[in-house]
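Reader: I have a structure to look through. Can we go over it piece by piece?
Author: Here it is.

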Amino acid sequence: MMRRIFAVLLALTLCISLLGGCGSQKPENTEVPEDKVYNIKVGHGLPDNSSLHKGWLEFKNIVESSSEGKMVVEIFPNQQLGGDRELIEAVQMGNVTMTAPSTAPLASFNKAFYAFDIPFLFASRDQAYEVLDGSAGQAVLDTLETYNLTGLGYWENGFRNTTNSKIAIKTPDDMKGLKIRTMENEIHLAAWKMLGANPTPMAFGEVFTALQQKTIDGQENPIEVIYTTKLFDVQSYLSMTQHIYSPLVILINKDFYAELPQEYKAIIADAEKEARAYQRKLSEENEVKYIEAMKSDIQIVELTPEQLKSFSDKLVSLYDMVKEKAGEEVVNKILEASGKI
Ligand code: KDG
């Protein structure tokens with residue numbers, strides 16, 4: 001009898017350990033080495049007075065205090081380590097640990113992100129937060145793992161608006177032939193062509209000089225970016241086109257994150273969530289503050305619902321283009337979550 005019980009127990013123990021081993025490629029790292037310090041190098045593209053930078057500072061404070069200094073976060077703002085494309089590559093390779101690009105340039109690395117390039121996708125920030133923080137947003141983040149990246153969450157770049165040096169744009173007719181800089185993203189390029197403009201894709205770091213030297217007439221970005229990077233200084237009109245909501249994606253090198261002790265991984269995940277809420281709140285507040293701060297330097301052009309519709313009407317066929325690029329499944333998930341289908 002005892003021998004039978006012993007045999008059953010042995011078989012059970014074997015099963016459990018085998019199952020555990022099969023479930024994950026590597027065993028979870030639960031040990032926290034006493035004297036090891038983990039350095040987290042963060043690079044991002046915006047200045048110190050942006051909500052993005054303040055969000056990273058909040059993240060740093062939480063991570064460093066919760067880990068009692070065992071994780072140290074160093075932040076390089078203002079494109080010091082490169083623009084969005086370079087930073088995505090650097091995080092993939094592990095030369096930089098974390099970054100926060102717009103989803104648009106990330107789409108040329110990982111096509112699922114084209115799903116966010118549907119114009120007028122989100123009706124409000126709250127809806128954007130709900131979709132991005134829900135299962136549809138998570139499904140897009142999950143696709144990053146094959147690119148040696150882990151996506152922790154979405155922060156806010158904001159609703160994008162159009163500036164230029166020539167005309168108070170109110171409808172697509174006003175932008176015929178205007179040389180507009182777009183982000184490096186094929187859907188954005190196609191959209192501006194459909195609107196009748198003459199678009200040029202360009203890295204963000206070159207935009208200020210290109211506007212100043214008038215090699216381009218205009219560009220489009222959220223209010224915070226237009227203000228904090230002083231684009232309003234070299235532009236005459238700011239049309240509140242609100243044509244697309246631009247999320248920022250918090251990326252971390254996949255191997256670095258996977259190999260962290262479980263306790264530290266949780267600290268990073270929690271800090272990202274807290275900093276996200278803080279950054280979004282600040283982004284919303286800054287939008288109001290910064291419109292006020294620049295309105296004597298640039299003419300703010302408000303658009304009526306009919307005028308906004310004249311833009312969306314021209315862009316209807318983009319839906320199919322986005323589906324073709326990003327994949328129907330992921331696009332439908334986003335469209336369903338945002339009540340579009
Ligand atoms: O790091 C974020 C910035 O690079 C971002 O604001 C870029 O929206 C962007 C643009 O227009 O390139």
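Reader: Which residue just after H7 takes a positive phi?
Author: Gly-196, with a phi of about 95°. Helices here are DSSP runs of H or I of at least four residues, strands are runs of E of at least two, and both are numbered from the N terminus.

Reader: Before going on, where do the coordinates and numbering come from?
Author: This is a predicted model, with residues numbered from 1 along each chain as its sequence is written. Local features need pLDDT of at least 70 and side-chain atom pairs count only at pLDDT 80 or more, while totals for chains, interfaces and linings use all residues; side-chain values use heavy atoms, with hydrogens and water left out.

Reader: Back to H7. What happens at its start?
Author: A side-chain oxygen of Asn-185 comes within 2.8 Å of the backbone nitrogen of Ile-187.

Reader: Which residues of H7 are buried?
Author: H7 spans residues 186–194, and its buried residues are Ile-187, His-188, Leu-189, Ala-190, Ala-191 and Trp-192. Buried means under 20% relative accessible area, exposed over 50%, and partly exposed in between, using a 1.4 Å probe and protein chains only.

Reader: What covers them?
Author: The cover includes helices H4 (103–106) and H13 (318–326), along with strands S4, S5 (179–182), S6 (198–201) and S7 (218–222). Contact means heavy atoms within 4.5 Å.

Reader: Now the ligand. Which residues are around it?
Author: Among them are Gly-45, Asp-84, Ser-102, Asn-157, Arg-160, Arg-181, Phe-204 and Asn-221.

Reader: Which polar side-chain atoms lie at its oxygen atoms, and at what distance?
Author: Arg-160 has a side-chain N or O atom 2.8 Å from a ligand oxygen. Arg-181 has a polar side-chain atom 2.8 Å from one, and for Ser-102 the distance is 3.1 Å. Taken alone the ligand exposes 330 Å², and the protein buries 98% of that. Those areas come from the Shrake-Rupley method with a 1.4 Å probe; for residues, only the protein chains shown count as cover.

Reader: Is Arg-160 buried or exposed?
Author: Buried, because its relative accessible area is 1%. Arg-160 sits in strand S4, residues 149–164.

Reader: What does its side chain make a polar contact with?
Author: The side chain of Glu-220, at 2.7 Å. A polar contact is a pair of N or O atoms within 3.5 Å; within protein, one must be able to donate a hydrogen and the other to accept it, and residues adjacent in sequence count only if both atoms are side-chain atoms.

Notes: A residue is near a molecule or strand if one of its heavy atoms lies within 4 Å of it.
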